[in-house]
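Please find below my note on this structure.

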Amino acid sequence: MSQSCFHCLEPIPSGFDGQVTYEHEQHPVCCIGCQAVAEHIIAEGMSDYYKFRTVKAGKVESLVPDQLKIIESYDNDAIQEDFISHQGSLNEVLLSVEGISCAACAWLIEKQLLALNGVARVDVNTSTHRAMILWDPSLIKLSEMIASLHSIGYKTYPFQADEEASQKQAVAKAYVRRLGVAGIMTMQVMMFAFAMYFGMFSGMDENFEEYFRWISFVLATPVILYSALPFLSNAIKGLKAKQLNMDLPVSMAIFGAYVASSYATIMHTGEVYFESICMFTFLLLLGKYLEFRARLKASEFTANLHKLLPLTARKLLESGEELIIAAKQLALGDRILVKAGETIPADGLVIEGKTSVDESMMTGEHLPVSKIVGNQVFAGTNNHDGVITIEINQLGQNTLINQIIRLQHSALTKRPKLVEVTDKVAQWFVASLLLFATATAIGWYPISPDKAFWITISVLVATCPCALSLAIPTALTCAVANLTKKGILIKEAHVLETLPKVTRFAFDKTGTLTEGRFTITDVVTLSDSYDKETCLKFAGQLEHFSEHPIAKAFEDYFPNSRALDKVEVRSGYGIQGVIQNLNIAIGKPSWFENYESEAQAVLFIDSKPVCEFKLSDKVRNSANQVIAQLKSQGVTSHMLTGDSSNSGRLLATQLKMDSVQSACTPKDKQSYVDDWASKGEVVAMVGDGINDSPVFNSAHLSLAMETGADISKNAADVVLLRSDLVAIPALITVAKKTKQIVRQNLALSLIYNGSILPLAALGMVEPWQAVIGMSASSIIVICNSLRLLKL
Amino acid sequence: MSIIYVLIPIAILFVLIAIGIFFWAVRDEQFSDLEKQGHSILFDDDKEQHKKANERD
């Protein structure tokens, strides 16, 4: 029998022997949560999930009463206003669901919800991790549905779509529609084109040929006037900005050939090119759509994270009663209660209680900051272990987090940009093409005014920059697809072009160069009666109940038996409990007596220190190697950290980095990068915290860690999904290879266009020859680009 | 052969209907998640009955 959990496939801890029955066989599970979920799924007849899933499920955590209360508050009308829309008597909500990993999850969620009375429609999207639910509010409450999803192991949050995301969705749909029309119509036009090709050799009735031309004209019209319209509008937009872009020759070829073919059809003269322009439109659109989709997926992925600020707050009434209200209804001077583990909804002063607050999402530093009466706390930070009452002194736009977001937005408009190769080539190509076509027209006019028009058109068609315009998008699409497989999400189109030019890499410290979490580096026992193993086991058991970041270091030592009684968290000191009639405690060295130690955590048994744990933030394994690799390629590495202690300097020396700046505010980081950029350096910034998001927009290129704050991932050009720095050299390799392939593609297509141009200008190219040459050059370019997939 | 003058417009009519259906499908978000639709055929919605039938055996 396998030794991994039946539900989440994680290893089974010793001491837990829960099992579930699936298809008459006993399978082990790792915890009560997974057991409950697996039993529920099997009992409801949804066991197909286990048969067809391709990715493991997440580990299940059970709901605590406080969480239930928050979920129930989602039924409140004022809170619902933000994320619910109405369709007749039905309500519609978009939930972002944590832990959807494959199509089996989507099926499971849809089946679970549709079984509830009152749910009219469920639509789960596995790529965006969102579920759209349409339900009848008189029959079922939103909180009941969320709880029901929780019972099969999915955590959900109401999702608020922002303007940008819904616009992108609309663009994606328009692409699919245009692509569909182009595809279906091209097939029809090709059919008639083939009939006419054969007709040319075997002789075709004049009437039929005339008829087929008209049919082709009717079928091609929607492709040109609907599907190819974006090319024309982009070209015009470019012209208005006084730029010649790639869309200009493309739309000149498409619309020029269309006008000429229509003229030929109506006036019974010349040649028609309907099939060529239809196919060209289809291929170009396909390339553009695939590239757009890869980027859409990346931005959807990052936008789909639960909100920074909570939707609800616990307001304290005059009477001392506690009321859950919508966070946006809070007013200045209101008193709110924040319990352990909750996110603080507004900036304010602590007026009662003491706690430690995790401000890592602001500062990137994972060590909690202790807060006592009179201290300022910030919206969006996480309250760790104590219960505090705060009086609100900043709301909405004035909160620190919104100030940082504003800083980030203002940097976006001033962002340095490098001129893209595409634009440069297009400028050159378009100008020479226009000159050449004009020259042809002028040259032929005195010789034969009749032929001048047709030969000019054939110059435009023959030089139709199919291969040229496919050269860059196909290479980018293949490179992006390859990188996505490697866990590197590319969000902006310019990344692959900018990357080979980067001369400086700036790194944040905590969470980027280090793992941003504590690991045990040393265990020292102080008493003979307990060995290291027992101490670690005791510590693991206790720390399992603590939310303190230090507790995470002990995660691996949790034995998963429930031998612990009377657990109590002592704010500011640590956590204590009773195991086997021993009073054990873990926390500050100075908790019980004046015991002095440098260790971050000390284990006490019956108030006597028995073991010291030394912890430190571990440097990522790959950091050393990556920085050395960058150096060998002539790229310098720099550290910009918000940490004011000496540890940044030590780490920089250890990693042999070129410079280090510590105690940087988000603004400082920006000014360092701006300074470098003004000296002509091309700067890439790698970071993870909210404090890195403004500097992301000052750098030429920005990379965020998957483990970082949501907002920094939103601002970044690249998200490293595996949070592994090794991705950086891999990314550079692919970018360099892409550059090389793009150059080859451009060379190939320019050779083709350059050699056919004089022939066409002399009137020596037959239409079918032009079509074959055009298709062949496009196919060669596409095949060359496909090589990027195998890197 | 002159029947072709009637048949081709009819064929075009079918194409237009196909495009209509395609537009409806796009609006209905059937193309927003390509992975899920491909797998949906594998799942057996009548599993509950199966199970109950098995228990009776």
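This is a predicted model: local features need pLDDT of at least 70, side-chain atom pairs count only at pLDDT 80 or more; totals for chains, interfaces and linings use all residues.

1. Residues are numbered from 1 along each chain as its sequence is written, chains are lettered from A and ligands numbered from 1 in the order written, and side-chain values use heavy atoms, leaving out hydrogens and water.

2. The largest nonpolar core has 109 residues; such a core is a set of buried Ala, Val, Leu, Ile, Met, Phe, Trp, Tyr and Cys residues joined through side-chain atoms within 4.5 Å. Buried means under 20% relative accessible area, exposed over 50% and partly exposed in between (1.4 Å probe, protein chains only). Among the members touching the most others are A:F505 and A:L725.

3. Helix α8 of chain A spans residues 206–227; helices are DSSP runs of H or I with at least four residues, numbered from the N terminus. α8(A) bends by about 30 degrees at A:A220, with the proline A:P222 following within four residues; the bend is the angle between axes fitted to the seven residues ending there and the seven starting there.

4. A:F208 and B:Y5 are stacked, 5.8 Å centre to centre with 20 degrees between planes. Rings of Phe, Tyr and Trp (its six-membered ring) pair if their centres lie within 6.5 Å; planes under 30 degrees apart count as stacked, over 60 as edge-to-face and the rest as tilted. A:F208 lies in helix α8 of chain A and B:Y5 in helix α1 of chain B, so the pair joins two chains. A:F208 is buried at 13%, whereas B:Y5 is partly exposed at 32%.

Conventions. The expected span of a helix is 1.5 Å times one less than its number of residues.
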